[in-house]
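Hi,

Here is the structure I promised to pass on.

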Amino acid sequence: MSVLSAVPFLKPVHVRSPRSPPGGQRRHTLPASEFRCLSPEDAVSVFEIEREAFISVSGDCPLHLDEIRHFLNLCPELSLGWFEEGRLVAFIIGSLWDQERLSQAALTLHRPRGSAVHIHVLAVHRGCRQQGKGSILMWRYLQYLRGLPAARRALLMCQGFLVPFYQKCGFRALGPCAVTVGDLSFVEMEHAVRGHAFMRRNSGC
């Protein structure tokens, strides 16, 4: 069973399509908006969005197609996709990590016993940018992680110009990241997943 479906306050959300037209005839329509874990079948759509988003900026993608399939097979419960009328418009892919800070190995490994969620990539379809979707998806993802027993914190690495965006999402900078990709260097950032807000919400108070 998908972990997402086991978290009562973060079940996949469907925003209903408009009501059926007068006359009682019902058309088969997809939910206007849906959040769900990704599957390996989504890998090509994920890669198309990621490639367009990153190639022009950094010249490479955080995850190549085989790596996307790798993580969506190993840990699909650590991904989240935003679909509008059945079309993927934004996504996050993560995996578990078992060290205090990220290292080069974190780019390709999933550590099932880890307590840190390494967020590999967040990307939004080019036709849906400048609409706040990245911030909304990250907020939903962090809320979702609070329902996963293993998750204690979220880690990511980003280029310097993205630090303010992630700070607005609640992340704090840990300093330079040990991971490098070609000539690119990164800032490592952290967000606590288990905290007082989670404890209050689940304490029955």
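**Strands, a helix and the cysteines**

Start at the hairpin of β3 and β4: two residues lie between the strands, and Glu 85 there takes a positive phi near 50°. Before going on, a word on the ground rules: this is a predicted model, where local features need pLDDT of at least 70 and side-chain atom pairs count only at pLDDT 80 or more, while totals for chains, interfaces and linings use all residues. Residues are numbered from 1 along each chain as its sequence is written, and side-chain values use heavy atoms, with hydrogens and water left out.

Helices (H or I, at least four residues) and strands (E, at least two) are DSSP runs, numbered from the N terminus. Two strands pair if DSSP finds at least two bridges between them. Strand β3 (residues 79–84) runs antiparallel to β4, joined by six bridges, and Leu 80 stands opposite Ile 92 in β4. On to the next pairing: β4 and β5 are also antiparallel, over eight bridges, with Phe 91 opposite Ala 123 in β5.

Strand β4 (residues 87–97) is mostly covered, since 10 of its 11 residues are buried. Buried here means under 20% relative accessible area, exposed over 50% and partly exposed in between (1.4 Å probe, protein chains only).

His 120 sits in strand β5 (residues 116–124) and counts as buried at 12% relative accessibility. Its side chain makes a polar contact of 2.7 Å with the side chain of Ser 95. (A polar contact is a pair of N or O atoms within 3.5 Å; within protein, one must be able to donate a hydrogen and the other to accept it, and residues adjacent in sequence count only if both atoms are side-chain atoms.) Not counting residues up to four places away in sequence, His 120 touches Pro 62, Leu 63 and Phe 71, among others; contact means heavy atoms within 4.5 Å.

Lys 133 belongs to helix α3 (residues 133–145) and is buried, with a relative accessible area of 9%. The side chains of Lys 133 and Glu 84 are joined by a polar contact of 3.3 Å. Leaving aside neighbours within four places in sequence, the contacts of Lys 133 include Trp 82, Val 89 and Val 124.

Cys 177 is buried at 9% relative accessible area, and Cys 37 counts as buried at 11% relative accessibility.

Cheers
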